[in-house]
Each structure stands twice: as C-alpha cells, then as structure tokens.
Amino acid sequence: RRQIPAEKGLDHTLDLLSQGFHFIPNRRERFQSNIFQTRLMGKKAICLSGKEAARVFYDNRFFKRQGASPNRVKKTLFGQNGVQGMDGEDHKHRKRMFLSLMTPDRLQELQIITQRLWKQKAKEWENADHVVLLKEAEEIMCRAACEWAGVPLLEDEVKQHTTEFSRMIDAFGGTGSRYKKGKKARQHSEKWIQQVIKQVRSGERQPPPYTAAYIIAMHTERNGRKMDTATAAVELINVLRPIVAIGRFIMFGALALHEYPAVEETLRTTDNEKYTRMFVQELRRYYPFAPFIGAVVRKDFLWNEYRLKKGTLVIMDIYGTNHHPELWKEPEVFRPERFRDWEGHPFSFIPQGGGDHYTGHRCAGEWITIMLMKTSIEFLTGHMTYQVPAQDLCYDMARMPTLLNSGFIIENVKAR
Ligand code: HEM
C-alpha cells in the first residue's frame, strides 16, 4: 500500500480561493503525483488529476454525490435537490429527463432561434458606440434558452433575468458581495420559475409538450409523483442558467479570434465545419471555466495501491486534466489543430465532466454547448465585422469562474 502525499497545515481553503484554477495543478506538480491530500473547509480532501483518476472518479461503485457540494454552492449555483447531488437509480431517472431534451430536432430548433437572435442583435449594435460582448452574448443565450424551453420572458425583464443567471454562475468561488448577489439571484429566479411550473401544471400556460418547461413540470419521479414545485424550478433553471453560461465561452472565443489571427483567417475564409469544431473543442480545453468537481467516497477501496476511505471528500481537477502534460502536448499553447485527428476519450478531455452522459454525472448540455459555440463563432466570423479597441483583456486565474476584465468590447460593428 502507498501513502497518499499530504500537504501540511490546518486548512487550505484560503489558498484555494487565492490560487483558483492553479491550486490543484500547482500541488500536483510539487508532489509529482496525480493524487494528494489537503484540507478544505475544515476537512480532509483528496485531489485527483488526469485520465486514470477521472476514470475512477466517474465510477459509481466508488463515488457518490450526496453530501459532496457545500451549502454555499447549493444556495447559488446548483439549487437544492437538483440532479447534481443525486445518486443511483434516482439520478439516472432524473438524468433521462434532461437527456430527453437533447434530440437532434430540438438542437436544430435552438440553433435556428439563436441565429435569428444574433442577426437581430448585430443590426442593433451597428448603431451603438461600443458593446460588451459578454453581456450581449449572455442576453442572446438567455433569450434563446427561454424561447426554446417554453419559458415566457417579458421584454422589460430580459436584462434582469440574464444578470441573475449570470450571477448564479459567477458566485461559485465568490465570497462577500459576489456570493450574496448569487444567492439573491437564485432566490429571485426560483420564484419566477416556480410560477411558470405552477402555470404549466394548471394548464394556464401551455408550452408544447416537447419543451423543457412542459417536460420538467410534468415529469414523474420513480415514486410516480411529480417533483415538488421548488425542485421542478431548480431543474428548469438547470437548463436555462447553463445556456447563459455559454456566453463566457463565446467571450473567450472572441478573445482567441483576436489573439490568433491565423486561426481567425482560417475560420473567415474557409467554409469548414470541421475546423470550427476543432476551434470550439480547443476553446473548451484551453480556457478556464469549470475548475473542479467534488464527490464522496462511497466505500473503502484501493486505487493504484492508495487507500481511499468511505466518506472522504474527493475533488477531481477538471481544468488541470485538460492541461495535463501527460495528456496534452504543449498544453499551454492554443492550437485547434490538436483536435484534427483526436479520436475522443471519455476521461482525458473533461471540460464538462467525464464518463457517460446517461449513467454518470457528465454534463447533459454538452451537445448544446458545442452547437451554440459553433453557431456563435460562425456568426462572429462569417456574418459580422467589428473592431477591437484597446482594453483590458486580462483574466484572473485565481477567480472561479473567471472572465475578461473588459468583458470583450467591440466597436464599429457591421452586420453582413
Ligand atoms: C453538469 C459544465 C453547459 C446542463 C455539468 C458539470 C460540468 C458542467 C463540469 C458537472 C459534471 C459532473 O458532475 O461530473 C458545463 C459547462 C457548460 C455547460 C462549462 C457551458 C458553458 C450546460 C448546458 C446544459 C447543462 C447548456 C443544459 C442545457 C447540465 C446538467 C448537469 C451538468 C443538467 C448535471 C448532470 C448530472 O449531475 O448528472 N456541466 N455545462 N450544462 N450540466 Fe453542464
């Protein structure tokens, strides 16, 4: 049996908050180990990194999610009683509800809605002095998500709801006002969406039966009953909020177009679906978004001769695995071409979790994310022109999630 390398000290939560995306990779390098032990939020935590670690982390026999996320994350990002914290058959049943929304037809419908919104917005931007792309992309995503999901969105509430979804996401690693804003945003959004659930259930509102609003409101649990209103609202928000999150990847996409002119040139001049896809994959690999994900050891077991004990908190490094030098050649170089002959692997490229979508916790919205990123990049490169004025394009790797200080400002927009 081997000893898990352990870092000394009573607690390292403050280091986590000050080192952000680098916290686990720094230590993995220092210990030269894909497993090490630290202390977070007053308790022992084991951190894992890399492909083989992801393989075991996504094995339901060894890990569960109940009790894995801290309350402060449930009060902001996730909500109470959502799919993220479920296990076993209950989880699979709930997960199928989400996955039933992801058919090719429905994805295409979302794509068409989103293309229409980009077109409208680009026309509006022609008359603006400048626009902050992150804000605008989030608004497009919020409008598209609600329309697609059958959720009514009043014109004079669009900006508020967009901001609220964005704040729930932003609160993840936040303390103080960022956390408070996220919590308030969730409370307010849940109230709104609970009303929608009630109206769908009473028949007062009748979204088509294939929409998320309908499917989630009418979904029956394994016990044959509908979810309580609060839980149904949490799950409908679990569809809307992460679509708004795609705005951050679009912002990073615009940054990459700006910083790598040769890549932009290829995207602008060739009508090449495959290259756009490679670009989107590299965006998801390279730029920081989800830092890590937690689970709890279900029962004592041995992994690579290391003993993991029941009840221990385990944290899987998402960002670090996507930048792992054992898995990626020159991981700190942005290079879409690395995905040209990439065969796909469920555990080495995990920007939205690893393993299987149906049996595990891997993101239900991965297809939507890739499609909407492609659609948006195609729009930015093929259907509009703009200039990028001098601005602060830095992003803070200690912040989780992070964003460009300027949000990416563009000007002189012309729709084509
Ligand atoms: C789960 C990332 C977009 C719905 C997850 C997880 C990550 C993630 C890291 C956790 C995986 C795990 O627990 O092991 C992202 C990122 C997105 C995105 C970075 C894009 C910005 C979406 C979209 C949807 C969605 C567009 C739905 C429309 C979900 C759901 C889960 C999930 C329902 C919970 C799955 C489960 O616990 O079984 N996502 N996601 N996500 N995501 Fe996404």
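Me: Where in the chain is Leu10 placed?
Reply: Leu10 sits in the segment before helix 1, which covers 13-19. Keep in mind that this is a predicted model.

Me: How do I read exposure? Is Leu10 buried or exposed?
Reply: Count the other C-beta atoms within 10 Å; 12 or fewer makes a residue exposed. Leu10 has 6 such neighbours, so Leu10 counts as exposed.

Me: How many residues apart in sequence are Leu10 and Arg39, and what is their distance in space?
Reply: They are 29 residues apart in sequence. From C-alpha to C-alpha, Leu10 and Arg39 are 6.7 Å apart in space.

Me: What is phi of Asn412?
Reply: Phi of Asn412 is near 55°. That is a positive value in a residue other than glycine. Asn412 is in strand 10. Asn412 is partly exposed, with 14 other C-beta atoms within 10 Å.

Me: Is the peptide bond from Met400 to Pro401 cis or trans?
Reply: Read omega. For this bond omega is near -5°, and the bond is cis. Pro401 lies in the loop between strand 9 (384-387) and strand 10 (409-415).

Me: What describes two packed helices?
Reply: Two things: the angle between their axes and the distance between those axes. Take helix 6 (residues 104-125) and helix 7 (residues 133-149): their angle is about 140°, and their axes are 9 Å apart.

Me: Why are helix 6 and helix 7 called oblique?
Reply: Roughly antiparallel needs an angle over 145 degrees. The angle here is about 140°. Helix 6 and helix 7 are therefore oblique to each other. Their crossing is right-handed.

Me: Which residues meet there?
Reply: Helix 6 brings Glu109, Leu110, Ile113, Thr114, Leu117, Trp118 and Lys121. Helix 7 answers with Glu136, Ile140, Arg143, Ala144, Glu147 and Trp148. Sorted by class, this contact holds 7 nonpolar, 1 polar and 5 charged residues.

Me: How does helix 7 pack with helix 8?
Reply: Helix 8 covers residues 158-170, and the two pack at about 105° with axes 9 Å apart. That makes helix 7 roughly perpendicular to helix 8. From helix 7 come Glu138, Glu139, Cys142 and Arg143. From helix 8 come Val158, Lys159, His161, Thr162, Phe165 and Ser166.

Me: At what angle do the axes of helix 4 and helix 9 cross?
Reply: At roughly 60°, with the axes of helix 4 (residues 71-78) and helix 9 (residues 177-202) coming within 7 Å. That makes helix 4 oblique to helix 9. Helix 4 uses Arg72, Lys75 and Thr76, and helix 9 uses Tyr179, Gly182, Lys183 and Arg186. They divide into 1 nonpolar, 2 polar and 4 charged.

Me: Last topic, the ligand. How many residues surround the ligand?
Reply: There are 25, and the closest are Pro242, Gly353, His361, Cys363 and Gly365. By class, the shell has 16 nonpolar, 7 polar and 2 charged residues.

Me: Which helix gives the most to the shell around the ligand?
Reply: Helix 11, with 7 residues. Helix 5 (88-99), helix 11 (229-259) and helix 15 (366-382) each supply at least two residues of that shell.

Key:
Residues numbered from 1 in each chain as written. Predicted model: local features only at pLDDT ≥ 70, side-chain atom pairs only at ≥ 80, totals over all residues. Axes fitted to C-alpha atoms, helices over the stretch in contact; angles between N-to-C directions. Helix = DSSP H or I, 4+ residues; strand = E, 2+ residues; numbered from the N terminus. Parallel < 35°, antiparallel > 145°, perpendicular 65-115°, else oblique. Left-handed = near helix turned anticlockwise from the far one by under 90°. Contact = placed C-beta atoms within 7 Å. Nonpolar A, V, L, I, M, F, W, Y, C, P; charged D, E, K, R; others polar. Near = placed C-beta within 6 Å. Buried ≥ 20, exposed ≤ 12 C-beta atoms within 10 Å, placed from the backbone.
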